[in-house]
Amino acid sequence: MRKEFLPFSRPSIAEADIQAVGDVLRSGWITTGVHAAKFEQEFAAYVGTRGAVALASATGGMHVTLKALGIGPGDEVVTPSMTWASTVNLIVLAGARPVFADIDRDTLMAGPDQIAAVLTSRSKLIIPVHFAGAPADMDPIRQIAAERGIPIVEDAAHAAGTEYRGRRIGASGTAIFSFHPIKNMTSGEGGMVCAEDATLLDAVRRLKFHGLGVDAFDRSMQGRSPQAEVVEPGYKYNLTDIAAVLGRRQLARLDEFNRRRTELALYYRRRLAEVDEILPLKDPPYPMRHAWHLLIVRLDSDRAGLSRDAFMEGLKKKNIGTGLHFRAVHLHKYYREKLGCARGMLPATEWNSDRICSLPLFPDMHLEDVDDVVVAIKAVLNKK
Ligand SMILES: *Cc1c(COP(=O)(O)O)cnc(C)c1O
């Protein structure tokens, strides 16, 4: 058994990153400034879109985007239940109704058919989720949305560096990325709203900082013009330069991180093929580049004679950390009790919610760590 605990995720922070953050701390300007502005430009250039707005989190980005799109009471917002709860919470907090699309059983993503099945005359927004580093099937989803005049906001929290049909996620439409420490790149906490629509970008920029009408970063002032006025009440979700400088350095290493994640993931796939009780996810059938944000497997619990929770507990005892991405949102207490959600609504989502488990995957891992995970899995399964 491994001597040291292997976490399921760990950010890759270099000494030079620590130095860069230290330089910002010593500079006299630590909140939103030059680094946040450069981070936005560099991220927009990386994904290949018109512009981007950096925020304190992807959740903050989703909050202001829903506000900018005018989502409110009487509106329905379609999204999968196999997602992080933040999106669904924000839909409810906006006074709108979340409507859950089921997912493909083997990619964990809602595709055009699952989304079309739940659209109504009240649908005002679709939020597809790119899952685990693979892209959702955006072309047909965009076509369905365009036919009905419904906007799309892509949850790209797992998709920094992901490509769909030869283009990076974020290159077109509106996509929100997360830089939480477990994501493919981190700024400590942080998020980025990428959009082609200049009006939407302006609204997001305004709403993320008090609703002030002027945001141009004034280099002589090191900030906003003191004369700026509130043009609509906004929030406070700006990203500090302490975080932005780390984000910039991580962005420069993102492709290298993702190459390493891919090597590890492919090795995992080979090794796990030896274990009948472990069911891997499938790659989507369309052209794509996987960013391998998460290494998710499903435990065939009938065959193993072991629940997923017991499996995770067993691995922990063997010093292997795991994650759960995600427990279906519609089965959380609030959504069962207040929205009347119940088991049976979303069969593929529920089947996976009971069986998925995220195994350790991060760029600084070694192939020997993967071997340790596979050995531990075999031991846990044989013990029963
Ligand atoms: C992490 C995550 C978010 C939220 O990102 P934050 O930056 O933590 O707000 C949203 N959606 C999904 C699918 C995520 O995994």
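About 70 Å³ of space lies in the largest cavity, a cavity being a set of points, on a 1 Å grid over the protein atoms alone, where a 1.4 Å probe fits but cannot get out. The model is predicted, with local features needing pLDDT of at least 70 and side-chain atom pairs counting only at pLDDT 80 or more, while totals for chains, interfaces and linings use all residues. Residues are numbered from 1 along each chain as its sequence is written, and side-chain values use heavy atoms, with hydrogens and water left out.

**Exercise 1. Describe how the chain is divided into domains, and how much area is buried between them.**

Step 1. The chain is divided into domain 1 (15-253) and domain 2 (255-380), with bounds that come from an automatic or database domain assignment.

Step 2. Their C-alpha centres lie 25 Å apart, and the contact (heavy atoms within 4.5 Å) takes 39 residues from domain 1 and 37 residues from domain 2.

Step 3. The size of an interface is often given as the accessible area lost when the parts come together. Between domain 1 and domain 2 the buried area, which is the accessible area (1.4 Å probe) lost by the two parts and summed over both, is about 3500 Å², and carbon and sulfur atoms give 60% of this area.

**Exercise 2. Explain why the largest cavity is placed between domain 1 and domain 2.**

Step 1. List the lining, meaning residues with an atom within 4 Å of a point: among the residues that line the largest cavity are Arg10, Pro181, Lys183, Gln250, Phe257, Arg261 and Pro363.

Step 2. Because domain 1 and domain 2 both give residues to this lining, the largest cavity lies between them.

Step 3. By class, the lining has 5 nonpolar, 4 polar and 3 charged residues, where Ala, Val, Leu, Ile, Met, Phe, Trp, Tyr, Cys and Pro count as nonpolar, Asp, Glu, Lys and Arg as charged, and the others, Gly among them, as polar.

**Exercise 3. Characterise the lining of the second largest cavity.**

Step 1. The second largest cavity has a volume of about 40 Å³, a volume being the space filled by probe spheres set on the points, which are joined across faces, edges and corners.

Step 2. Its lining includes Phe8, Ile182, His293, Leu294 and Pro360, and by class the lining holds 7 nonpolar, 2 polar and no charged residues.

**Exercise 4. Work out which parts of the chain line the largest pocket.**

Step 1. A pocket is an open set of points with protein on both sides within 12 Å along at least five of seven lines, and about 410 Å³ of space lies in the largest one.

Step 2. Of the 24 residues in its lining, Thr59, Trp84, Ser86, Ser178 and Lys183 lie nearest the centre.

Step 3. At least two lining residues come from each of α3 (58-68), α4 (85-93) and β8, where helices (H or I, at least four residues) and strands (E, at least two) are DSSP runs numbered from the N terminus. Domain 1 and domain 2 each supply at least three residues of the lining.
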